[in-house]
Amino acid sequence: MNNSPILSVKGLRKYYPVSVGNWLARKRVMVKALEYLNLEVLPGETFGIVGESGCGKSTLGRCILRLEEPDQGQVIFNGVDVGQCDPKQLRALRQQMQIIFQDPYSSLDPRHLVGRIISEPLIVHRVMNKKDRNARLADLMQMVGLLPEHLDRYPHEFSGGQRQRICIARALALNPKLVIADEAVSALDVSIQAQTLNLLVDLQNQLGLTYLFISHDLSVVRHICDRLAVMYLGRIVEQTAKNKLYAKPLHPYTQALLSSVPVVNPQHGKQQMILEGDVPSPLNPPAGCVFHPRCPRKYDRCIHEPPRLAEIEPGHLAACHYPGPDENPVRSAI
């Protein structure tokens with residue numbers, strides 16, 4: 001695997017203005033969806049983003065593609081600053097960056113036949129004539145396990161798993177290098193989830209794809225991802241290789257998430273770490289460490305001083321003043 005990142009995100013920040021209060025005393029405040037977020041994705045790997053609903057995972061994916069305009073920071077894809085591209089350059093760049101949305105039904109136009117839906121990227125970017133498009137459609141249907149006659153049907157005539165396969169075929173139509181899968185299996189039954197995940201792995205091996213895989217399901221990301229970043233309230237709180245994260249989580253939030261994953265054999269149960277309170281509002285995140293109101297081992301330093309993402313062990317980063325079970329403070333930060 002190439003050590004030069006295909007995707008670099010540097011200091012990404014995204015705020016949304018909202019109005020709160022009644023009509024007599026209405027004021028504008030900012031929802032802090034992403035807060036100075038950094039990550040790197042290597043070619044050919046599957047990089048997972050996990051966290052609770054509302055932590056900013058989907059916003060991150062949309063900002064990378066510039067479906068949302070970030071307020072600050074850089075997104076570098078294959079050496080190109082995505083934020084500095086004009087509309088023509090961005091249009092060309094998006095041939096290499098595609099997305100699979102969470103809901104396979106609402107992301108497909110119900111008025112169009114499947115053949116039209118999948119071929120739309122080819123038509124928009126004008127990369128093939130009609131004869132070549134038809135051949136490409138046949139190849140794509142075979143890749144995702146659908147039949148050629150399915151091209152002449154409407155999205156409502158398919159099951160949820162088949163619709164997601166159609167979405168995958170559309171995302172692959174232009175031979176992208178990076179695919180962002182935004183909760184791509186969360187709307188599917190468990191058995192269909194496994195089939196779809198195996199399909200994504202097979203396609204990655206066949207086409208050399210790079211995935212940014214967004215999910216809230218720790219069992220799913222364990223199956224498909226190489227490295228993981230755990231998000232909380234718009235920030236990355238831990239990042240490392242998959243095996244390291246599951247074997248030795250350092251951040252108390254990650255420890256709580258992993259302890260909540262059900263085990264198949266109840267005799268091999270584990271002690272569950274219960275978090276108190278609710279996720280703080282992104283309208284007014286806590287001072288210091290944003291996790292400290294729910295942290296079982298907070299100290300005065302956590303309340304007043306925000307931790308930086310630090311390399312605790314080689315290749316293992318955490319944003320915590322006292323990471324790991326031994327609660328040893330970290331001195332160096334990156």
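This report describes strand pairing, helix packing, aromatic pairs and a few single residues in one predicted model. Residues are numbered from 1 along each chain as its sequence is written, and side-chain values use heavy atoms, with hydrogens and water left out. Because the model is predicted, local features need pLDDT of at least 70 and side-chain atom pairs count only at pLDDT 80 or more, whereas totals for chains, interfaces and linings use all residues.

## Strands

Helices (H or I, at least four residues) and strands (E, at least two) are DSSP runs, numbered from the N terminus, and two strands pair if DSSP finds at least two bridges between them. An open sheet is formed by four strands in the order β2-β1-β4-β5, with antiparallel pairing. At its edges stand β2 (27-41) and β5 (80-81), each with a single partner strand, so one side of each is left without a neighbour in the sheet. Helix α1 (residues 57-64) packs on this sheet and touches β1 (7-20), β2 and β4, where contact means heavy atoms within 4.5 Å. The direction of α1 makes about 115 degrees with that of β1, axes being lines fitted to C-alpha atoms, for helices over the stretch in contact, and angles running from 0 to 180 degrees between N-to-C directions.

Strand β7 (residues 178-182) pairs with β6 (residues 97-100) and with β8 (residues 210-215).

| Strands | Sense | Bridges | 
|---|---|---|
| β6 and β7 | parallel | four bridges |
| β7 and β8 | parallel | five bridges |
| β4 and β5 | antiparallel | two bridges |

Five of the five residues of β7 are buried, that is, under 20% relative accessible area, with exposed meaning over 50% and partly exposed in between (1.4 Å probe, protein chains only). From β7, L178, I180 and D182 point one way and V179 and A181 the other way. In β6, M97 and I99 point one way while Q98 and I100 point the other way, and all of them are buried.

## Helix α3 and its surroundings

Helix α3 (residues 114-125) packs with helix α5 (residues 160-172) at an angle of about 30 degrees, with the axes 7 Å apart. The two helices are therefore roughly parallel to each other, a term for angles under 35 degrees, while those over 145 count as roughly antiparallel, 65 to 115 as roughly perpendicular and the rest as oblique. On the α3 side, V114, I117, I118 and P121 meet I166, A169 and R170 of α5. The residues of this contact divide into six nonpolar, no polar and one charged, where Ala, Val, Leu, Ile, Met, Phe, Trp, Tyr, Cys and Pro count as nonpolar, Asp, Glu, Lys and Arg as charged, and the others, Gly among them, as polar.

The buried residues of α3 include G115, S119, L122 and H125, and the buried residues of this helix pack against α2 (87-93), α4 (130-143) and α5. After α3 comes R126, whose phi is positive, near 55 degrees. In helix α4 lies D132, which counts as partly exposed at 39% relative accessibility. D132 and L122 are ten residues apart in sequence and 9.9 Å apart in space, C-alpha to C-alpha.

The structure holds four aromatic pairs; rings of Phe, Tyr and Trp (its six-membered ring) pair if their centres lie within 6.5 Å, and planes under 30 degrees apart count as stacked, over 60 as edge-to-face and the rest as tilted. Y299 and Y322 form a tilted pair, at 4.8 Å centre to centre and with 55 degrees between the planes. This pair links distant parts of the chain, 23 residues apart, with Y299 in the loop between α9 (252-259) and α10 (300-304) and Y322 in the segment after β12 (316-318). Y299 counts as partly exposed at 37% relative accessibility, whereas Y322 counts as buried at 15%. One aromatic cluster is formed by Y232, Y253 and F291.

G48 is found in strand β3 (residues 46-50) and is buried, with a relative accessible area of 0%. Not counting residues up to four places away in sequence, G48 touches F213, C225, R227, L228 and A229.
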